[in-house]
Amino acid sequence: MISVLETIEVQGYKLDIYGTKEEPLFLAVDVAKMIDYSVGRTSEMISRIDADEKLLTVVSRAGQRRDMWFLTEYGL
C-alpha cells in the first residue's frame with residue numbers, strides 16, 4: 001500500500017507526494033483540484049495521460065481501501 005511521503009504547498013494548495021523521492025507520485029484527483037479541472041471529470045483527464053505516466057494502486061483513505069489513480073512526475 002502507498003502512503004504520503006511529504007506534503008508541499010503549490011500556489012496556496014496543499015499537495016501530497018506519495019512514492020519515493022526518486023519516483024514521486026501525485027494523486028490524480030488532487031492534481032485535478034489544484035488545476036481547477038472538474039473533479040467529476042478526473043477520469044477524462046487521466047485518459048489523456050500516457051500509460052507509463054500514471055499508475056492505478058490501492059490507497060487507504062477515510063478508513064477505506066480504494067483503487068486510486070496517481071500521476072508520475074512526467075504525468076504531472
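The largest pocket holds about 170 Å³ of space. This is a predicted model. Which residues line the largest pocket? Gly19, Thr20, Glu22, Glu23, Pro24 and Leu25 do, along with Thr72, Glu73 and Tyr74. Sorted by class, this lining has three nonpolar, three polar and three charged residues. Pro, Leu and Tyr count as nonpolar, Glu counts as charged, and Gly is among the polar residues.

Now the fold. The protein has two helices and five strands. In what order do the elements run from the N terminus? The order is β-β-β-α-α-β-β.

Next comes overall shape. The C-alpha trace spans about 25 × 25 × 25 Å along its principal axes. The protein has a radius of gyration of 12 Å, which agrees with a compact globule, because a globule of 76 residues would have a value near 11 Å.

What about the inside and the surface? Buried residues make up 33% of the 76 residues. Here, buried means under 20% relative accessible area. The protein exposes about 5200 Å², and carbon and sulfur atoms supply 47% of that area.

Take the contacts with a separation of 6 or more: residues 24 or more positions apart account for 31% of them.

The table collects some whole-protein values.

| Property | Value |
|---|---|
| Radius of gyration of the protein | 12 Å |
| Span of the C-alpha trace along its principal axes | about 25 × 25 × 25 Å |
| Share of the 76 residues that is buried | 33% |

How values were computed
Residues are numbered from 1 along each chain as its sequence is written. This is a predicted model: local features need pLDDT of at least 70, side-chain atom pairs count only at pLDDT 80 or more; totals for chains, interfaces and linings use all residues. Side-chain values use heavy atoms; hydrogens and water are left out. On a 1 Å grid over the protein atoms alone, a cavity is a set of points where a 1.4 Å probe fits but cannot get out, and a pocket is an open set with protein on both sides within 12 Å along at least five of seven lines; lining residues have an atom within 4 Å of a point. Grid points are joined across faces, edges and corners, and a volume is the space filled by probe spheres set on the points. Helices (H or I, at least four residues) and strands (E, at least two) are DSSP runs, numbered from the N terminus. The radius of gyration is taken over C-alpha atoms; the globule rule is 2.2 Å times the number of residues to the power 0.38. Buried means under 20% relative accessible area, exposed over 50%, partly exposed in between (1.4 Å probe, protein chains only). Contact means heavy atoms within 4.5 Å. Accessible areas come from the Shrake-Rupley method with a 1.4 Å probe; for residues, only the protein chains shown count as cover.
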